[in-house]
Amino acid sequence: MKVEERKKLHLGEYPTPLEYMGNLTKKYGKGKLYIKRDDIAGPAFGGNKTRKLEYIMQEAVEEGYTAMLTVGGPQTNHGKTTVAAAVKLGLKPILVLGGKAPDYLSGNLTLDAMMGADIVFAGDDMPGAVKATIERYEKQGDKVYNLPAGGTAMTGVAGYIMAVPEIMKQLEEQNIHPKYLVCALGSMGTYGGLNLGVKYFNAPFKVVGVPVSPPPADKAEQVAKFMNEVSDFYGMGIHTEAADLLINNGPADAPYSGEEYNKPDPITRKYMFEIARAEGIILDPTYTGKAFRGFLDMVEKGIIDGDVIFLHTGGATAVWTKEHLDDMQQELFDNCQISEFGK
Ligand SMILES: *Cc1c(COP(=O)(O)O)cnc(C)c1O
């Protein structure tokens, strides 16, 4: 079945807005800067995982699954959105997360707990914990859908392939002609899907990926291989070589990804404060803050020129994780006018 004919469930509000960032455009004095607001699609604050989950949950419901299990880091946005989708559709939400159980819940873990997820911390044995958890549910008669990290199952990639015609329609309606769209690059579903969509639907812009952790030397090969598998899965007939892809992690001595995945980082926060103060838009410290750092740096240096779009993939609920809050307290106090009347 062709990718555009695949069935999906309604979980998010689409099209998400494509907004002009007037203040940042004025400040940087280059082409016009736009933002695509996949952060507000819902459910449970949404984010990029919703587009994937519309296809995945369709399959889960159609095939009679009664429980939805997925995996990730303790603060996984993908896990949070999957729990929301499962709850809404009446499937049991199960998360198997890396590491030890915390004694304080913050950020997405607060939301996972509020939505009633069964949260299993895997210690250092993720495969063992997943297997045992699935068995525990199967024993009580459940059929458990085992969804990989980031929702990057073949079924889910359709979400970002099909985001491309949505964006193309908005470009036509708003009469804008961006040359580039920049997004975070994590488990590849978003970046890979968009790139395939651009080729398949002949979109007039290129997609630039900003890695959210220091990428291995063969990252582009890995993405091309993944895209070729997806193309085969959907019968799209698109062959991608590593050299076709635009992936940019910035200068070697100041990579956009920072030192490592999810590590609190003051330069990323500088860019988060920049867009928050200019446009009232909240990014997250793990994905979109890093991608936006890359986006603005590439605009300033003219690496991407003309009108450009930044894809907001969500994640702002991570601002309220304990480690990120603790790490930015001083900067917030230093950079904000806080006073008490009468003192
Ligand atoms: C998961 C995630 C990404 C990365 O998307 P992939 O499809 O895994 O590459 C980017 N931004 C946010 C906020 C995410 O939660």
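Student: Which residue follows α11?
Tutor: Gly302 follows α11, and its phi is positive, near 75°. Helices here are DSSP runs of H or I with at least four residues, strands are runs of E with at least two, and both are numbered from the N terminus. The model is predicted, so local features need pLDDT of at least 70 and side-chain atom pairs count only at pLDDT 80 or more, while totals for chains, interfaces and linings use all residues. Residues are numbered from 1 along each chain as its sequence is written, and side-chain values use heavy atoms, with hydrogens and water left out.

Student: How far apart are the end C-alpha atoms of α11?
Tutor: They are 20 Å apart, which agrees with the 20 Å that its 14 residues (288-301) should span at 1.5 Å a residue. The expected span is 1.5 Å times one less than the number of residues.

Student: How many residues of α11 are buried?
Tutor: Of its 14 residues, 12 are buried. Buried means under 20% relative accessible area, exposed means over 50%, and partly exposed is in between, with a 1.4 Å probe and protein chains only. Among the buried ones are Lys290, Arg293 and Asp297, along with Phe292 and Phe295.

Student: What covers the buried residues of α11?
Tutor: The cover includes the helices α1 (22-28) and α10 (266-279), and the strands β2 (33-37), β7, β8 (206-211) and β10. Contact means heavy atoms within 4.5 Å.

Student: Cores next. Which residues have the most contacts inside the largest nonpolar core?
Tutor: Ile161, Leu181, Leu194, Phe205 and Val207, in a core of 35 residues. A nonpolar core is a set of buried Ala, Val, Leu, Ile, Met, Phe, Trp, Tyr and Cys residues joined through side-chain atoms within 4.5 Å.

Student: Which element gives the largest share of this core?
Tutor: α9 does, with 6 residues.

Student: And what does Ile161 touch?
Tutor: Leaving out residues up to four places away in sequence, Ile161 touches Val3, Gly193, Leu196, Gly197, Phe201, Val230, Tyr234 and Met236. Another core, of 29 residues, lies apart from the largest one and includes Phe292 and Val308.

Student: Which lining residues lie nearest the centre of the largest pocket?
Tutor: Gly73, Thr76, Tyr261, Thr286 and Tyr287, out of 50. By class the lining has 20 nonpolar, 23 polar and 7 charged residues. Ala, Val, Leu, Ile, Met, Phe, Trp, Tyr, Cys and Pro count as nonpolar, Asp, Glu, Lys and Arg as charged, and the others, Gly among them, as polar.

Student: What lines the largest cavity?
Tutor: Gly46, Gly47, Asn48, Lys49, Asn77, Thr81, Thr313, Gly314 and Gly315. That cavity holds about 40 Å³ of space.

Student: Is Asn202 buried or exposed?
Tutor: Asn202 counts as exposed because its relative accessibility is 66%. Its phi is positive, about 55°, although Asn202 is not a glycine.

Methods:
On a 1 Å grid over the protein atoms alone, a cavity is a set of points where a 1.4 Å probe fits but cannot get out, and a pocket is an open set with protein on both sides within 12 Å along at least five of seven lines; lining residues have an atom within 4 Å of a point. Grid points are joined across faces, edges and corners, and a volume is the space filled by probe spheres set on the points.
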